[in-house]
Amino acid sequence: MSGQKKLFVKTYGCQMNVYDSARIRDVMAPLGYVAASTPADADLVVLNTCHIREKAAEKVFSDLGRLRAHRRAKEEAGGRMLVAVAGCVAQAEGEALRARAPIVDIVLGPQVYHRLPEMVARALRSHGEAVFDTEFPVEPKFDHLPPPASEGPSAFLAIQEGCDRFCTYCVVPYTRGAEYARPAAAVLAEARQLVETGAREITLLGQNVNAWAGEAPDGGVWGFGRLLRELAEIPGLARLRYTTSHPRSVTPDLIAAHREVSALVPFLHLPVQSGADRILAAMNRGHTAAEYLRTVDALKAARPDMMLSSDFIVGFPGETEAEFQETLAVIRAAGFIQAFSFKYSPRPGTPAAAMPGQVAEAEKVDRLARLQAELAGIQENFNRACVGRTMPVLFDRPGRHAGQLIGRTPYMQALHARMPQEAFGTVRAVRVVSVGPNSLGGEAVDIGRKDAAE
Ligand code: 5AD
Ligand code: SF4
């Protein structure tokens, strides 16, 4: 097709970046850009980057180094390749990025990717000067993005962005900016559209998603619990998830929503980070370990099958072995069935990077290994305890064997089962019959109708 161009997007980091990368493809599609499977023959390469830990940020620079050879080969063949760095590294580094990586043509922050088509046009006209945009514009990008293309049975929907919490280790308030909540009408319209194009599950995204409080369709203000209740009314939407939440924004209304709204899965990612009150205070988390556990208890009282997952940071400045043990105690008390755990990584410009008592790398490595062993044990026990249970499973992928489909339980466990093809994209009741290293095995429960388990 004439006029067709190739776009390669590489995504680093969180689910918000996965969502943003999909929107970047959406904004470039009307200009004739189609997805390329490798960067080698792409006309435009976008690295959608993450700045949360040093390792993620450094990876971008090694990838940029590798792109140089591809670009040279393309130029030698008479073509041209533009390289754009988007996302949080772009926001944090701005024009300094170009000094370190002259290959970069375009630097755009997370708030301005609706302006990428115009930036590409400018870069194509320029003679090697880079095009920068790391503003926080007054017009929200969401108003300027095309509606999302079909995302399949399980879709993401960004409802909130930015963070006002300023945990002392975290770059997000600087790279993503102040909290912004999309108006309820826009969220509901996008959700309806996702369901019309096949979504059965929607995961609401935001850096501090449960702090969402937005404009209601009648001009008033809704809290997050109300938004969940309204979304759950959309016919055909079987499941709702949201991530990432802050414990301080788990309100009584949100807990009530978990009791009342059956579409809300009984699984919540609620990062605790540490179990030691002194460390939680130094992190500026705004809650103690006991307050966190009380929130967990309230959620479990509202929804008895509720399970939690969490994020952890080990080796925060000043963390002692005894304080690390307090984190293990919270893990046992809350029984997290999934977690992301990290060694503390000092980030430029954050208060914790300048704190005394930075923990030695070897100690961080050791604590991380012990923490992960604790978490793995809980996860294994939970998976084994699922055998014999009947669970609603959303089938969203073909299996490895003929006649098999793979889906997700409410707890995000992968599950494979022999299923008729028409079960794809639906929620089915499945009895768990086996546990493998990476997935559960299941058998369809014939209860005579689709989506019976929801
Ligand atoms: N070092 C290590 N982990 C971090 N996180 C955020 N900032 C840092 C940092 N400086 C972790 C937190 C957060 C998750 C997304 O990344 O656990 O919840
Ligand atoms: Fe970062 Fe989350 Fe803390 Fe906000 S609440 S500063 S995103 S860790």
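The shell around ligand 2 comprises, by class, 7 nonpolar, 1 polar and 2 charged residues, where Ala, Val, Leu, Ile, Met, Phe, Trp, Tyr, Cys and Pro count as nonpolar, Asp, Glu, Lys and Arg as charged, and the others, Gly among them, as polar. The residues that surround ligand 2 are C163, R165, F166, C167, Y169, C170, V172, P173, H246 and R285; a residue is near a molecule if one of its heavy atoms lies within 4 Å of it.

The model is predicted: local features need pLDDT of at least 70, side-chain atom pairs count only at pLDDT 80 or more, and totals for chains, interfaces and linings use all residues. Residues are numbered from 1 along each chain as its sequence is written, chains are lettered from A and ligands numbered from 1 in the order in which they are written, and side-chain values use heavy atoms, with hydrogens and water left out.

A polar side-chain atom of D311 is 2.6 Å from an oxygen atom of ligand 1, and one of R53 is 2.8 Å from an oxygen atom of ligand 1. From S345, a backbone N or O atom lies 2.8 Å from a nitrogen atom of ligand 1. Of the 400 Å² that ligand 1 exposes when taken alone, the protein buries 87%, with accessible areas from the Shrake-Rupley method and a 1.4 Å probe.

The chain as a whole is assigned domain 1 (5–133), domain 2 (151–265), domain 3 (299–384) and domain 4 (390–444), with bounds from an automatic or database domain assignment. The centres of domain 1 and domain 4, taken over C-alpha atoms, are 37 Å apart.

Strand 17 (residues 390–398) runs antiparallel to strand 20 (residues 427–435), joined by 5 bridges; two strands pair if DSSP finds at least two bridges between them. T390 has R431 of strand 20 as its bridge partner. Strand 17 also pairs with strand 18 (residues 404–408) in the antiparallel sense, over 4 bridges, and R397 is partnered there by I406. The hairpin of strand 17 and strand 18 has 5 residues between the strands, and in it G403 adopts a positive phi near 80 degrees.

Terms used:
Polar contact = N/O pair within 3.5 Å; in protein donor to acceptor, adjacent residues only side chain to side chain. Helix = DSSP H or I, 4+ residues; strand = E, 2+ residues; numbered from the N terminus.
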